[in-house]
Amino acid sequence: MTERKPLALVTGGSRGIGAAISKRLATDGFHVAVNFSSNEEKARAVVDGIIAAGGSAELCGFSVADSAQVEARIGALAKERGPLAVLVNNAGITVDGLLIRMKDEDLRKTLSVDLEGAIFCTREAAKSMMRARTGSIIQIGSVVGESGNAGQAAYAAAKSGLIGFSKAVAKELASRQVRVNVVAPGFIQTDMTGTLNDAQKQAILSTIPVGYLGEPEDIAAIVSFLASASSRYITGQVIGVNGGMYM
Ligand code: NAP
């Protein structure tokens with residue numbers, strides 16, 4: 001009988017950083033559930049690419065901001081293929097603008113996807129991990145959660161909130177050998193940063209000591225390490241991957 005691959009769920013796996021993480025974890029030997037909220041076609045291309053490369057993956061569509069969907073889909077996943085060995089809370093959005101002009105709707109949307117979404121998914125995944133007495137939960141935060149950034153008050157609040165949340169949960173789950181860490185990227189080339197104009201990109205580059213934007217694979221590499229037993233003694237940490245932008 002062939003051995004079952006350990007299960008990893010990557011939220012927002014259809015594009016950018018999440019797609020790179022999904023591919024990397026599949027290469028590492030996980031069966032990867034690739035989550036998306038609206039972009040099924042792109043998520044399917046990620047799944048197909050993994051399978052074509054000899055890996056194992058499935059589509060898993062739901063909005064992380066909807067707690068009922070999160071409970072149902074992660075619960076079913078854990079039952080069918082579980083327990084979850086790895087959860088990567090990568091799904092994220094940013095609605096930028098100065099605070100005094102920001103609408104309630106945009107504030108709530110950002111907090112709802114970036115912070116509540118990660119909390120909902122962590123809460124559900126933790127159940128099967130606790131039972132299995134092993135697991136790694138990896139939150140994709142952001143450099144701005146520690147440094148702050150004008151025009152990103154809600155996003156920074158969400159990403160900063162993820163740090164406190166993760167440290168609290170790391171303490172709750174440590175005795176069950178479930179680890180919780182935050183990876184905090186700097187500026188990475190994806191759709192999210194693709195909307196920046198050249199002047200904005202130049203201004204950002206001048207703040208990055210290594211002198212270039214990161215690639216999604218730079219984030220996938222540290223996630224791969226945190227998902228592996230090589231990081232078994234690391235929990236409750238925030239690991240910056242930002243070219244020296246914030247030290
Ligand atoms: P991206 O290219 O814009 O992709 C965002 C992903 O999140 C997509 O897969 C999207 O799914 C998914 N998503 C959005 N709302 C969702 C929801 N409600 N439920 C489930 N999935 C949802 O973003 P990225 O640049 O790869 O960023 C990934 C993560 O890294 C985010 O948490 C972001 O805050 C963080 N980060 C990025 C940077 C950067 O420079 N790029 C820097 C620091 C931190 P659909 O395709 O279905 O829309």
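Predicted model: local features only at pLDDT ≥ 70, side-chain atom pairs only at ≥ 80, totals over all residues.
Residues are numbered from 1 along each chain as its sequence is written, and side-chain values use heavy atoms, with hydrogens and water left out. The protein has 9 helices and 7 strands, taken as DSSP runs numbered from the N terminus (helices: H or I, at least four residues; strands: E, at least two).

**Overall build**
- The radius of gyration is 17 Å, close to the 18 Å that the globule rule gives for 247 residues, so the protein is as compact as a globular protein of that length. That radius is taken over C-alpha atoms, and the rule is 2.2 Å times the number of residues to the power 0.38.
- The C-alpha trace spans about 55 × 35 × 35 Å along its principal axes.
- Of the 247 residues, 47% are buried (under 20% relative accessible area; exposed is over 50%, partly exposed in between, with a 1.4 Å probe and protein chains only).
- Among contacts with a separation of 6 or more, 73% come from residues 24 or more positions apart (contact means heavy atoms within 4.5 Å).

**The sheet**
- Seven strands form an open sheet in the order β3-β2-β1-β4-β5-β6-β7, with parallel pairing (two strands pair if DSSP finds at least two bridges between them).
- At the edges stand β3 and β7 (238-241), each with a single partner strand, so one side of each is left without a neighbour in the sheet.
- On average, neighbouring strands are turned by 20° against each other, direction ignored (axes are lines fitted to C-alpha atoms, for helices over the stretch in contact, and angles run from 0 to 180 degrees between N-to-C directions).
- β2 and β3 are parallel and share 6 bridges, with N35 partnered by C60 in β3.
- α1 packs on the sheet, touching β1 (7-10), β2, β4 (84-89) and β5 (135-140), and its direction makes about 170° with that of β1.
- Helix α6 (residues 153-173) also packs on the sheet, touching β5, β6 (178-185) and β7, at about 160° to the direction of β6.

**Strand β5**
- β5 is mostly covered, with 6 of its 6 residues buried.
- G135, I137 and Q139 point one way, while S136, I138 and I140 point the other way.
- β4 and β5 run parallel, joined by 4 bridges; L87 has I137 as its bridge partner in β5.

**Helix α2**
- The 13 residues of α2 (residues 40-52) reach 18 Å from first C-alpha to last, close to the 18 Å expected at 1.5 Å a residue (the expected span is 1.5 Å times one less than the number of residues).
- A43, V46, V47 and I50 are its buried residues.
- Just after α2, G54 takes a positive phi of about 95°.

**Helix α3**
- V70, I74, L77 and A78 are buried in α3. They too sit within an arc of 95° seen down the axis, so they line one face.
- Their packing partners are β1, β2, β3, β4 and α4 (104-132).
- A68, K79 and E80 are exposed on the face turned away from the buried side.

Methods: Arc of directions from axis to C-beta.
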